[in-house]
Amino acid sequence: MKKKATSLLLILLAVSCFLKGYSQTHGFADSSVQKWVAQENLRNASIGVYLQDASSGELIGSYNPRLSLAPASTLKLVTTATALEMLGPGFRFTTTLAIDGTIRNDSLLGNLIIIGGGDPALGSEYFHDHYLKNHFLKAWTDSLRRYNIRHISGGILTDASIYDDQSIPDTWIWEDIGNYYGAGVSGLSVYDNSFEIHLCSPPVAGRQTRIVSVNPTIPDMHFDNRVVSSDDQRDLAYVFGSPLDSDRLIRGSVPKGRKDFTIRASIPDPAFLLATQLRDSIMAEGITVDGTIGKRLVKSGSELKLATTLSPPLIDIIRLTNHESVNLFAEHLLKHLAYIRNGHGSTQKGINLITEFWKEKGIDIRGLFLYDGSGLSRFNAVTAEQMVNILAYMKNESKHSPLFFNSMPAVPDGTLSYFDPLKFPNQRLRAKSGSMTRVRCYAGLLTTSSERQILFAIFLNNFSGSPATTVKAVETLLADLYRL
C-alpha cells in the first residue's frame, strides 16, 4: 500500500511540474503579447494573435483570437494546404496541342487547337529550366513535323474552357488588376500572365519617360504612358487596364536617369498571345496557316493529340506560391480544385469547396469569409485561431506535413527577407507573410531555442505606424517567443 502511495505521489509531482512549466510558459507568452499590443503604433489597430504548442495543442498565448481580419497573402497557406491535401504533391497540370480535322498528304484539313489544362506555370520565369530546356513552342512545332504537316487549311484555336471566363475575382481593386500581381486566371495561362514594359527615364526629375520596348510583344496593345522620372529610387509606376482590353494607362514614377527600367503588367488575353506565338513559330518553320486565331466553341470529340506539355509537380508550384507569394498560382489552384470536384472551375465554387473541406476537418468556420485564393481581396477575413487550427491539422494530421511546412520561406528568404537571421538561426522560423496597405500578417511555425515548436498567427489591420516599424514589432514579438 505504501509503495502504491509513493508511485501516486511521484505521478502527481510530475504532473504538477509539467503544469507549472506550462503555466510559466503560458504566462510569459501572454505577458509578452499583452505588452506587445500596447505599443503606441498599434493603438488603433485591429489585432489577432494565436499561439499554440504544435505537439500538445496547448494554448500558449492569444489576443482577439476569434476576430475576423484581412489575412492578406497568409491566405495562400489555406489555399495551398487544401490543394496539397486534395491533389497530392505529385499532381501535374497538362497543356495539349491537338488537331480537329483530317491529314491528307502534307496538309491538315482543319484546325490546330491548344487545349488548356489550367497550368499556372506554363512558360513561367520561376520555372525557366523546366519549360525552356525543351521549349513547348518548339516541341509543338516539332510535333507537326512528325505528322508531316506543312500546311493548315484552318486556323489556330484556343480552348481555356475548363475555367469560367471571369478571370478576375469580383472584389479586386482597379489599381491592382493591370499590374503583374493582379494578373487574371485563364484555363490557358502563359508567362505568369504578365509582360515587361521597358522605360527610359530622363536624368532630371519630373520629366516624361519613354517606352523602349515590350517583352513579349502583345498584339494590338496600345499604351498611354504618363510615367515621369523621379528622385525616388523606388518603382512607383502602376498599370491600369482590364482583362481582354488592349488599352493600358501607365501612371506614377520611376527613378530618374535610367536607360532601361522594367515594370511588369498583366497580359490582357494570355490564350490569344500563346496562339499568336505558336502561329509565328510554325510559320518560321515554313508551315503555312490559312485561317485566323480564335476560340474553340464546339468540341467534336474526335481530336487527335499531337503533343502534351506537363507542368512541374504540384509541390514545386506550391513552394513557389508560398515562397514568392505568387497570386496567380494561388488563384489557379482555387479554380482547379473546383474543376476537379465539379468539372468546371470558378472562384466561387473553389471558395465553397475550401470552406467545406476545412469544416469537414473540424475547423470552426464561423467568421471565415473568402473572396479569392491569394488574399489580394480586401474582403477576405480569417481569424488567427482558424489559421492556427488549419496549420495544426497540416502539422499533426496531414501525411504531407514536412512538404507543406518546407514550402514556407525560412528567415531570411522569400517574404521573410526583412527579418534578422541572427534572431532565428538554422531555419527555426518558417512562415508566410501577408501585406497590403495598413495590413501586415504572419503565420507559420517557430522552433524555439528549447526546441519547442509553436504554431502562430499574428494579424494586424489598420495600424498607424510605418510598415517597416510594424514589421520590426512583429519580429520583436517572435524573437521573444523564440527564447521560450
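Reader: What makes strand 7 and strand 13 a pair?

Author: Strand 7 (residues 194-200) is joined to strand 13 by six bridges in the antiparallel sense. Two strands pair if DSSP finds at least two bridges between them, so the six bridges qualify. The model is predicted: local features need pLDDT of at least 70, side-chain atom pairs count only at pLDDT 80 or more, and totals for chains, interfaces and linings use all residues. Residues are numbered from 1 along each chain as its sequence is written, and side-chain values use heavy atoms, with hydrogens and water left out.

Reader: What counts as a strand or a helix, and how are they numbered?

Author: Both are DSSP runs, numbered from the N terminus: helices are H or I of at least four residues, strands E of at least two.

Reader: Why is Asp159 called buried?

Author: Buried means under 20% relative accessible area, exposed over 50%, and partly exposed in between (1.4 Å probe, protein chains only). Asp159 has 4% relative accessibility, so it counts as buried. Both faces of strand 6 are covered, with buried Ile156 and Thr158 on one side and buried Leu157 and Asp159 on the other.

Reader: What makes the contact of Arg296 with Asp159 a salt bridge?

Author: The term requires a side-chain nitrogen of Lys or Arg within 4 Å of a carboxyl oxygen of Asp or Glu. For Arg296 and Asp159 the N to O value is 2.6 Å, so the pair qualifies. Arg296 lies in the loop between strand 15 (293-295) and strand 16 (304-310), and Asp159 in strand 6, 137 residues apart. Both residues are buried.

Reader: How far apart are the closest N and O atoms of Asp159 and Lys299?

Author: They are 3.9 Å apart, and the pair forms a salt bridge. Lys299, at 53% relative accessible area, is exposed. The whole structure holds 21 salt bridges, and a network of them links Lys138, Asp142, Arg145 and Glu285.

Reader: Why are helix 2 and helix 8 called oblique?

Author: Angles run from 0 to 180 degrees between N-to-C directions of axes fitted to C-alpha atoms, for helices over the stretch in contact. Under 35 degrees counts as roughly parallel, over 145 as roughly antiparallel, 65 to 115 as roughly perpendicular, and the rest as oblique. The axes of helix 2 (residues 75-87) and helix 8 (residues 327-342) come within 10 Å and cross at roughly 40°. The two helices are therefore oblique to each other. Residues in contact (heavy atoms within 4.5 Å) include Ala83 and Met86 of helix 2 and Leu333 and Leu337 of helix 8.
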